[in-house]
Amino acid sequence: MPLSENLTMQTDTTSERIRCYRKEISDRLIERGAAPKYPIAFPSTLRSFSLGEVAEILGVSGSYLRQLSIDGLGPTPETGTAGRRSYTLPQINELRAHLASTRPKEALKFCPRRRDGEKLQIISVAVSSASTTTSFYLAQSLALQGFRVLAIDLDAMGSLSKMFGYLPTGFPVHNASMHAVLRYGDDRVSMDSVILPTNFDGLDFVPGTLELDRFEEESTLRYSSKWGYPDASIRMVDALKEVEDLYDVVVIHCGHLGFLTAGAYEAATGVLMTVRPEWPQISSMTLSLGYFQHFVSLIEQAGRPVAYDFIKFLVTRHNPRDPLQQEAVALLRDSLGNNLLTATVWESGAILQAWTKNRSLYELSAGEVGRSAYEQAMETLNSTNAEIMDLISEVWGRPPMYVSRASRTAGKASS
């Protein structure tokens, strides 16, 4: 009997029949070894950073770094026209280690990696306006500041993956996403087997692929069958424990899928929700909060208390000159108080230009998008990311250091 007829006889609904077609073809391709093993990668190299940029990143003076180079201390920088020095990100991290060893009282400033007794920080970024961009810039900013970072894309369409240079194939790629680590059965793989490198030293990544849809389907079937409520959340927590010693911060970009999102919320130590300061977008955020509350209530009903280190809200795509947006931000501040981050990410043509190049502003120089727009965008990005890094410092019992540094260096990132 032809496969199509056999499937038609086995299923009652059109949607089930379509699901069976997809699963059957996918399984056959996997058996033949014809399924792609990873998303299509477009690897890129990260530019070098000028001596001035490195000084701002490390919080030291340019003259101090220049003298280190003259004295032959630390890594040897690249030398360009007119003797201009520049450093790669791995060299910046070498500088961190050198400065931490020679200036031990400031070791935390140069090497902020967590120490014994400091727990892994897992920040789940809820699905909302600009959540993909926020996840992307937060992960890269943390890596630039010397943290060991793992970014995870839970979007089956791979929106964050595209920004990291991994193009989804449009096919449920086998063993390439969190599905392979979380799935039901005996063929789960280890967490480290799905982690990929990025062009940022210290930043790794787990892509999102259509394979994630399969986990959602499996969880839904278990939920509606004799198996009862699936243990998707516990699986997510256990998976991250496998690599806990390798990272300081995990940034999870939540997708639109229910059980995966619930897992992200249970694993999280902190949750970040973005909102655009426009009335329809604020209304949409209240719906996202409703889903958030629902997922957390299910976890609590299962007898697992949820206690986050923080739940914060971030205003994105903000035009501070727009009176209606000013009113919207005022309402949010009045409603959320200190739970709304002080800094906002401004609407920026520079961020948009970087997005069209499939890069971030951290990967581009000022001349590629326009110096004035670049500096303004970098100021707002660095300020918001600094607040989040200070939240992490507070959780670890450290004094705040990043907001003050960002305010001192505002507008100077490209010097």
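Two strands are taken to pair if DSSP finds at least two bridges between them, and it is in this sense that residues of the predicted model are described below as standing opposite one another. By this criterion, an open sheet of seven strands is found, with the order 8-9-6-10-5-11-12 and mixed pairing. Strand 8 (196–197) and strand 12 (310–315) stand at the edges of this sheet, and because each has a single partner strand, one side of each is left without a neighbour in the sheet.

Within this order, strand 10 (residues 249–253) is joined to strand 5 (residues 121–125) by five bridges, the two strands running parallel. In this pairing, I122 has V250 of strand 10 as its bridge partner, while the bridge partner of I123 is V251, likewise in strand 10. Strand 6 (residues 149–153) is also joined to strand 10 by five bridges and runs parallel to it, with L150 standing opposite V250.

Five of the five residues of strand 10 are buried, so the strand is largely enclosed by the rest of the structure. Both of its faces are covered, with V249, V251 and H253 buried on one side and V250 and I252 buried on the other.

Towards the strand 12 edge of the sheet, helix 13 (residues 279–301) lies across strand 11 (270–275) and strand 12, and runs at about 155° to strand 11.

Notes: Residues are numbered from 1 along each chain as its sequence is written. This is a predicted model: local features need pLDDT of at least 70, side-chain atom pairs count only at pLDDT 80 or more; totals for chains, interfaces and linings use all residues. Side-chain values use heavy atoms; hydrogens and water are left out. Helices (H or I, at least four residues) and strands (E, at least two) are DSSP runs, numbered from the N terminus. Contact means heavy atoms within 4.5 Å. Axes are lines fitted to C-alpha atoms, for helices over the stretch in contact, and angles run from 0 to 180 degrees between N-to-C directions. Buried means under 20% relative accessible area, exposed over 50%, partly exposed in between (1.4 Å probe, protein chains only).
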